[in-house]
Amino acid sequence: MEPTGDYPLFGGAFSAILPPGAIDVSDLRPVPDNQEVFCHPVTDQSLIVELLELQAHVGGEAAARYHFEDVGGVQGARAVQVESVRPLSLENLPLRSCCQEAWALSGKQQVAKENQQP
């Protein structure tokens, strides 16, 4: 399956390539302004893009892990698994003029969906 084309996020500030058939959850229910949420039409999987506030006490790879684990804690995750953390090349980022470093973290969290028990 080929991913879908660029999908605008946060009012077009940047975009992402989404899996085929991804459903924009904001068409179904309210989503916080700092999140973009997509779900798969058949499986129980979701993709969440979240803008987070700078935490000056952590940096680099540790900052990516901090935010991922913090979001898991806030959501009451039963399991939080970091699969990879890698630096991003600033040359390829549209926001390169306003950041000193960027990191991509890929991981999984086991979280109950809205109105469900963990």
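A: This is a predicted model. At a relative accessibility of 15%, Gln35 counts as buried, because buried means under 20%.

Q: Where is Gln35 placed?
A: Gln35 lies in strand β4.

Q: And what does Gln35 touch, not counting residues up to four places away in sequence?
A: Gln35 touches Phe10, Ile48, Val49 and Glu50.

Q: Let us turn to the rings. How many aromatic pairs does a search of the whole structure find?
A: The search returns two aromatic pairs. In one of them, the ring centres of Tyr7 and Phe38 are 5.2 Å apart and the planes stand at 85 degrees, so this pair is edge-to-face.

Q: Which parts of the chain does that pair link?
A: The pair links distant parts of the chain: Tyr7 belongs to strand β1 (residues 6-9) and Phe38 to strand β4 (residues 35-39), with the two 31 residues apart.

Q: Is Phe38 buried or exposed?
A: Phe38 is buried, at 1% relative accessible area.

Q: What about Phe10 and Phe14?
A: Phe10 and Phe14 form a tilted aromatic pair, with 5.5 Å from centre to centre and 40 degrees between the planes.

Q: Why does that angle count as tilted?
A: Planes under 30 degrees apart count as stacked and those over 60 as edge-to-face, so an angle of 40 degrees falls among the rest, which are tilted.

Q: What is the accessibility of Phe10 and of Phe14?
A: Phe10 counts as buried at 16% relative accessibility, whereas Phe14 is partly exposed with a relative accessible area of 30%.

Terms used
Residues are numbered from 1 along each chain as its sequence is written. This is a predicted model: local features need pLDDT of at least 70, side-chain atom pairs count only at pLDDT 80 or more; totals for chains, interfaces and linings use all residues. Side-chain values use heavy atoms; hydrogens and water are left out. Rings of Phe, Tyr and Trp (its six-membered ring) pair if their centres lie within 6.5 Å; planes under 30 degrees apart count as stacked, over 60 as edge-to-face and the rest as tilted. Helices (H or I, at least four residues) and strands (E, at least two) are DSSP runs, numbered from the N terminus. Buried means under 20% relative accessible area, exposed over 50%, partly exposed in between (1.4 Å probe, protein chains only). Contact means heavy atoms within 4.5 Å.
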